[in-house]
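Please walk through the structure shown here, going from its helices to its strands, a loop and the charged pairs.

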Amino acid sequence: MSTLFIIILVGLITGIAIAIISRSFGVEANPLEEEVKALLPGANCGGCGFPGCAGYAKALVDKSARPGACAAQKPEDMKKMAALLGASVDTREPKVAVVMCSGDDHHATRQAQYNGINNCRDAMIVAAGAKTCTFGCLGLGACARACPFGAIEITPYHLATVHKDLCRGCGKCVQTCPKKLIRLVPKSAVIHVHCSNPLKGPVKFKACKAACIGCGKCVKAAPENMRIDGGIALAQINYGNPPPEELASVCPTHALRK
C-alpha cells in the first residue's frame, strides 16, 4: 500500500513540475505561422531552403522569405498564402524530376548479381553496383522511398521512373540518389537524354544498348536545342530552349525520349 502511495505521489509531483516548466518556459505558437504552415504540403523536403515547412512558415511570417519557394505547394494554396501575408509570389517555372538513365534489364548488362541490402547507397559500395554501366540506375528504390508524393516507381526491370503528373519538383529524390542520376528540369520539356554515362560511345553501348553514344545526330538536327560538350560523348539538352518531341525519332538508341 505504501509503495503504491509513493508511486502516485511521485507521479503527481512530476506532473505538477512539468506543468510549471511548460508554463514558464513554453513558447506560444504564433497563430499566423500556424495558418501559413497549414497551407504548405507538410512534406518537410527542405527544397525551399528552410528546415522543413515549419521553418519556411516562420520565415514567411518574419518576412525573410516570400511565397513561391515551395515547389511542392499547390498553386491555389500559394495564392491563399500570398493574400494572407499581403505579399507577392515569386513565380518560377514548374520543374519535375527526371531519371537520366535507360538502363533497365532489357538494355543494360550486368557484371554481377547483387543480393545485399536493398538500398542504392549500400549497393553502390559493392563495385558501384551490379550493372556493367557504373553510371546507371541501380533500381533498388532509394529515390522512391524518399519521395513524399509517391511519384517514383521502380519497374520490375530495375529502373526508377518518375510519374510527371505526381511529381511536385521538391528535389528530395535528387538529394537521395547516390549516382546523381536524377535532375530537376522544366516541366515544359517533353523529351530528355536518359543517359548519364560520359564514356566513349562503343564502351557504353557494350554495357547498355539504350545509352547515348554521342553520335551527334540530334545536335545536327536541332543545334539550337541540343549540344555535345567537348570531351564527353553525351548529348545535352538546352533546357532554356528544349527540343520538340519529334526530335526523339533521330536517336538511334532511343536514349532521347520522353
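The buried residues of helix H3 pack against helix H2 (31–38) and helix H4 (75–85). This is a predicted model. The buried set consists of Gly52, Cys53, Gly55, Tyr56, Ala57, Ala59, Leu60 and Val61.

Lys58 of this stretch is partly exposed, because its relative accessibility of 44% lies between the limits of 20% for buried and 50% for exposed. The side chain of Lys58 forms a salt bridge with that of Asp62, with an N to O distance of 2.9 Å. Asp62 also counts as partly exposed, at 44% relative accessibility. Just after H3, Lys63 adopts a positive phi of about 65 degrees.

Strand E1, residues 95–99, is likewise mostly covered, with 4 of its 5 residues buried. Its pairing with strand E4 (residues 182–186) is antiparallel and runs over 5 bridges. Within that pairing, Val96 has Val185 of E4 as its bridge partner. In a regular strand, side chains alternate between the two faces of the sheet.

What does Asn225 touch, leaving aside residues up to four places away in sequence? Its contacts are Gln236, Ile237, Asn238, Asn241, Pro242, Pro243 and Pro244. With Asn241 there is also a polar approach: a polar atom of the Asn225 side chain lies 2.8 Å from the backbone oxygen of Asn241.

The remaining topic is the charged pairs. The structure holds 4 salt bridges, and the one between Asp62 and Lys58 has already been described. Another joins Arg227 to Asp229, whose closest N and O atoms are 3.0 Å apart. Arg227 is partly exposed at 39% relative accessibility, and Asp229 is partly exposed at 32%.

A further salt bridge brings together the side chains of Glu245 and Lys258, at 3.5 Å from N to O. This pair links distant parts of the chain, 13 residues apart: Glu245 lies in the loop between strand E7 (235–237) and strand E8 (256–257), and Lys258 in the segment after E8. Glu245 is partly exposed, with a relative accessible area of 40%. Lys258 has a relative accessible area of 59% and is exposed, because that class begins over 50%.

Notes:
Residues numbered from 1 in each chain as written. Predicted model: local features only at pLDDT ≥ 70, side-chain atom pairs only at ≥ 80, totals over all residues. Heavy atoms only, no water. Buried < 20%, exposed > 50% of the residue type's maximum accessible area, 1.4 Å probe, protein only. Helix = DSSP H or I, 4+ residues; strand = E, 2+ residues; numbered from the N terminus. Pairing = 2+ DSSP bridges. Contact = heavy atoms within 4.5 Å. Polar contact = N/O pair within 3.5 Å; in protein donor to acceptor, adjacent residues only side chain to side chain.
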